[in-house]
Amino acid sequence: MPVPAIEFQQVTFTRPGGRLVLDRFALTVEPGEVVALVGRSGAGKTTVLKLVNRLLLPESGAVIVEGRDTREWEPIRLRRRVGYVLQEVGLFPHMSVAENVAVVPRLERWDDDRIAPRVRELLDLVGLAEQQFATRWPDELSGGQRQRVGVARALAIDPPVLLMDEPFGALDPLTRAELHAEFRRIQQRVRKTVIIVTHDMAEAFALGDRVGVIDEGRLVACDRPAAMAVAQDPRVRRLLDAIPTIDARLKPA
Amino acid sequence: MTRLFAFWSSHGTELASLVGQHVLLVAASTLVAVAIAVPLGIFAARRPRIAAPLTATANIVQTIPSLAMFGFLLPVPLIGGVGARAALVVLICYALLPIVRTTIAGLRGIDPAIREAGVAMGMTSAELLRQVELPLALPSIVAGVRVAAVVGVGSATIAAAIGAGGLGEYIYRGLSMVDTTVILAGAIPAALLALAVDAVLLWLQRMLSSRRRRRSPRALASAAAVAFAVVLLTSGVAARWTSGAIVVGSKNFTEQLILGELLAQTLERDAGVSVDRRLNLGGTLICDRALTTGDIDMYVEYTGTALTAVFHQPVHNNPEVVFSSVRDLYARSGRTLLPPLGFNNTFAILVRGSDARSRRLRTIEDAVPEARRWRPGFGYEFVERPDGLAGLARTYGLRFAEAPRVMDLTLSYRALAAGQVDLIAGDATAGLIKGLDLVQLEDNRRYFPPYDAAIVARSATLLRYPDVRASLERLSGRISALDMRALNYAADVEHRDIPRIVREFLASLH
């Protein structure tokens, strides 16, 4: 049996203020799998991601990445094996697009003649023409373009794991749908182990191989989209019912 | 205006060297302050508990008036005393606050999400600082440097009070000569310099925040390197300019500037030594401290001043007694008082010539009834000294209509002539007495002790250079009160160049 890429073993995490964020949280993610975690704001989704790249350490229980407890990982090594895509703001405003994408390769002391082709390849992968975009500054990009750069940056040194925190949250619906398709295309090529967190059930259905629901710090359900769609658990149904459908509104009262 | 340009063109080399000293003082102090304040700011930005007391301390330092700060530093070994070193210390202290504050603000102002992105990408804290935090805080830090440098240009003018040179030299010289042209000759370039520094750093700040730049850290580093090289180079020059064998000091009024120049020229010509002039050094206490610490080797003091203001002894009226007791007191602290130069610069109670003639005033006693309607003006020293105002008022029963206006001694002559005050305590040898038609009232109750001018020098220096002592002693008894008044008149009223006045006078002695 292959080693799971990421495993949460009964993880409990409390904020410094004392608020319980995760309560005996358990989740196993297989290599190459995309798990989309859904929950309302403040449900502890971002905490889950930060536990993977050791921005946070669990209070009890353990997070195992590639077979090793995050406590035993050297944090810098671990973080460079885990790509991270943040909501909206994560690009460095004082660096051009190409410089942003090249940040981790430079940290890894790659040669310039290795970095340049890699940046070109990555921009191409995320659908941005290098000639047009490489020298632009983040504030000269649209929201969707910025997210593409964020993905390219996270993939720069080909890390096996990718964490995505509400990556498409601030985008208009059309751009978002476009990026969802783009994400699936990229994932088919790169086959990363991915955890995406979102508050939008529709997005989770669109992206996840499995969809997990977090409620009050616990993973209450985690299954393939088809199975989730017919779940009876009220905590899951609540989120499902929040998905807007056109006919629900157009129906006469 | 034409006089101003004439002054500049006739003092071209001096002006250039003063501007150079000024730039050097500001550049060196600002660079050192950056080197201290930026790491301090980085350190404090991460520890809020340190940041608050740190900025509070820096705030307090900045509220100390600069002249007072120079005063505090005078007796401090190593960093204190007079000269460029102490001035640098003061200027550095002033520059620290704005830079620390903007460094902290710049770092604190960074979006936490951006910092977190860096950490999540596996940056070590050093990498995060160098690649993310400092570049983003740079415009803010440069804004602080800009404030520090502009304030520094202003504060550096005060450095002339402790002999550190710079454009303040002209301002102080102008104040002592009561000559606005000379004041402006220093003040205008200083203001232009401040504007230029402001413009250059503003441009740099804009460049940095406009983001349309590549490799800015490298460009900035090379700019800093160039600036540093300039500072090193000029400080080499500066070192040469301060390394004269004998340092002659003087207080900050015309007569003292003349006497300082007179000692310097005598030494250069008769003893063949090189002389470093630290003229224009604030008041009596600054000169005395500088002599004690060895920052200067000699200056001209007045026996009565030494007795009361330096040694805190009671006032005495007999010149011989005063001279010998002052000589003994100096000898105990390793200093030698040479025989008097020949004139007594006692305090002179002065009134306008018109008042003296119309009211037939000859003595201080004559003026007592008039004084009830008068407003007096006195220098700072006269108000404080034990042989000053309090004793005078007691001796003569003097009462005035108003509390005295305390003002710069040299300005008080003009204030009297212009009718802003009605009675002042000036120097008996002041050239302006003749120039402004003032009349000295006789001290008929012999209140003022003798103020015989005499050279006081470090005994060690005199022992090391016997020629110096011999050439200085040849000046004893050669300068009469009339001579001194004429010399002062030439400088204060005719606005003639002091080195030339002195050269002519020395030539006439032989």
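Q: What makes strand 6 of chain A and strand 7 of chain A a pair?
A: In this predicted model, strand 6 and strand 7 (residues 161-165) of chain A share four bridges in the parallel sense. Pairing needs at least two bridges, so the two strands count as paired. A:Tyr84 stands opposite A:Leu163 in strand 7 of chain A.

Q: Why is strand 6 of chain A called an edge strand?
A: Strand 6 (82-85) of chain A pairs on one side only, and strand 10 (218-223) of chain A does likewise. The open sheet has six strands in the order 6-7-8-3-9-10, with mixed pairing. Ignoring direction, neighbouring strands are turned by 20 degrees against each other on average.

Q: Which helix packs on the sheet, touching strand 6 and strand 7 of chain A?
A: Helix 7 (residues 143-154) of chain A does. Its direction makes about 170 degrees with that of strand 6 of chain A.

Q: Why is helix 5 of chain B called roughly antiparallel to helix 7 of chain B?
A: Helix 5 (residues 84-108) and helix 7 (residues 125-156) of chain B pack at an angle of about 155 degrees, with axes 8 Å apart. Angles over 145 count as roughly antiparallel, so the label holds for helix 5 and helix 7 of chain B. The crossing of these two helices is right-handed. Their contact has 15 nonpolar, seven polar and two charged residues.

Q: How many residues does each chain give to the contact between chain A and chain B?
A: Chain A gives 15 residues and chain B gives 15 residues. On the side of chain A, helix 2 (75-80) and helix 4 (103-107) each supply at least two residues. That side divides into ten nonpolar, three polar and two charged residues.

Conventions. Residues are numbered from 1 along each chain as its sequence is written. Chains are lettered from A and ligands numbered from 1 in the order in which they are written. This is a predicted model: local features need pLDDT of at least 70, side-chain atom pairs count only at pLDDT 80 or more; totals for chains, interfaces and linings use all residues. Axes are lines fitted to C-alpha atoms, for helices over the stretch in contact, and angles run from 0 to 180 degrees between N-to-C directions. Angles under 35 degrees count as roughly parallel, over 145 as roughly antiparallel, 65 to 115 as roughly perpendicular and the rest as oblique. A crossing is left-handed if the near helix is turned anticlockwise from the far one by less than a right angle, and right-handed if clockwise. Ala, Val, Leu, Ile, Met, Phe, Trp, Tyr, Cys and Pro count as nonpolar, Asp, Glu, Lys and Arg as charged, and the others, Gly among them, as polar. Two residues are in contact if their C-beta atoms, placed from the backbone, lie within 7 Å.
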